[in-house]
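Please read the following note with the model open beside you, and look up each residue as it is named.

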Amino acid sequence: MTKLISVNPATGEPLGEVEQTPPPAVDGVVARARTAQAAWGDTPVAERCGALLEAGRRFSADAERLAGLITAEMGKPLSEALLEVQSLSAGLEEHLDEIRDAIAPDVLRRGDEESVIYHDPLGVCAAITPWNFPMSMPSWMVFPALATGNAVAFKPSQETPLCGQAFADVLIEVLPPDVLQVVQGADEVGRALVAADVDLIAFTGSREVGKGILS
């Protein structure tokens, strides 16, 4: 299997490597996420949010190591990298409270009639993120998707694959199997993910790539 090599931008030296996901394998990754999503979507929202809060505690406890990885892989000053990792847990409980409120059933009454609107998960969300905030930007997409009962197929930037994997690994430790899937690679892997059987695409990047996703 082809390796994706991460290079330290300060030294030009290899920092580490991950296995690149073959584009034909992306459909299988998404299929596994879809299978796992059924039980995750049925899990009470309090339990889903509890898993994310546990992940937040783990990010906080391991902040120095993760910040060091951000600095080594994408060059951000260590003080800024540490703030980025700390942002993964700062205010998380309040954000999850907002999500719980947002997806609570809406009760509509008119005279003697009552209607209830339920907010169901979409299914599988694809999250494609850039290199410059390699842990905080994924959290903006992945945390809400998971809290609302979706499974996620996450593709970090090919420039920061180690940061993306480290971010995902913390979550994978507290989630049921296959609810969060990681695909690694460059443009062709991103195109395969966009073309796969996903229900939502969350993307941060260039205007041109965004236009290609929409077309």
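**Notes on the predicted model**

1. Asp178 is placed in the loop between H7 and strand E7 (180–182), where helices (H or I, at least four residues) and strands (E, at least two) are DSSP runs, numbered from the N terminus. Phi of Asp178 is near 75°, which is a positive value in a residue other than glycine. As background, most residues other than glycine have a negative phi, and most peptide bonds are trans. Asp178 has a relative accessible area of 35% and is therefore partly exposed, given that buried means under 20% relative accessible area, exposed over 50% and partly exposed in between (1.4 Å probe, protein chains only).

2. Before going further, please keep in mind that this is a predicted model, in which local features need pLDDT of at least 70 and side-chain atom pairs count only at pLDDT 80 or more, while totals for chains, interfaces and linings use all residues. Residues are numbered from 1 along each chain as its sequence is written, and side-chain values use heavy atoms, with hydrogens and water left out.

3. The largest nonpolar core has 44 residues, and those with the most contacts inside it are Phe59, Met135, Phe167 and Leu171. Helix H7 (residues 161–174) gives the largest share of this core, namely 8 residues. A nonpolar core here is a set of buried Ala, Val, Leu, Ile, Met, Phe, Trp, Tyr and Cys residues joined through side-chain atoms within 4.5 Å. A second, separate core has 15 residues, among them Val29, Val30, Ala126 and Val198. In soluble globular proteins, nonpolar side chains tend to be buried together.

4. Which residues does Leu171 touch, not counting residues up to four places away in sequence? They are Leu52, Ala55, Phe59, Val142, Phe143 and Leu180, with contact meaning heavy atoms within 4.5 Å.

5. A search of the whole structure finds 4 aromatic pairs. Rings of Phe, Tyr and Trp (its six-membered ring) pair if their centres lie within 6.5 Å, and planes under 30 degrees apart count as stacked, over 60 as edge-to-face and the rest as tilted. The rings of Phe59 and Phe167 have their centres 5.6 Å apart and their planes at 20°, so this pair is stacked. Because Phe59 lies in helix H2 (residues 45–61) and Phe167 in helix H7, the pair ties together parts that are 108 residues apart in sequence. Phe59 is buried, with a relative accessible area of 0%, and Phe167 is buried with a relative accessible area of 0%.

6. The rings of Phe143 and Phe167 are also stacked, because their centres are 6.1 Å apart and their planes stand at 25°. This pair links distant parts of the chain, with Phe143 in helix H6 and Phe167 in helix H7, 24 residues apart. Ring pairs link Phe59, Phe143, Phe154 and Phe167 into a cluster.

7. Helix H2 also holds Arg58, which counts as partly exposed because its relative accessibility is 32%. Leaving aside its neighbours within four places in sequence, Arg58 is in contact with Val170, Glu173 and Val174. Arg58 and Val174 are 116 residues apart in sequence, and their C-alpha atoms are 9.7 Å apart in space.

8. Is strand E5 (residues 124–128) largely enclosed or open? Of its 5 residues, 5 are buried, so E5 is largely enclosed by the rest of the structure. Val124, Ala126 and Ile128 point one way from E5, whereas Cys125 and Ala127 point the other way.

9. E5 pairs in the parallel sense with strand E6 (residues 151–155) over 5 bridges, and with strand E8 (residues 200–203), also in the parallel sense, over 4 bridges; two strands pair if DSSP finds at least two bridges between them. Ala126 has Ala153 as its bridge partner in E6 and stands opposite Ile201 in E8.

10. Strand E1 (residues 3–7) and strand E2 (residues 14–19) run antiparallel and are joined by 5 bridges, with Lys3 standing opposite Glu19 in E2. The hairpin of E1 and E2 has 6 residues between the strands, and in this hairpin Gly12 takes a positive phi near 75°.
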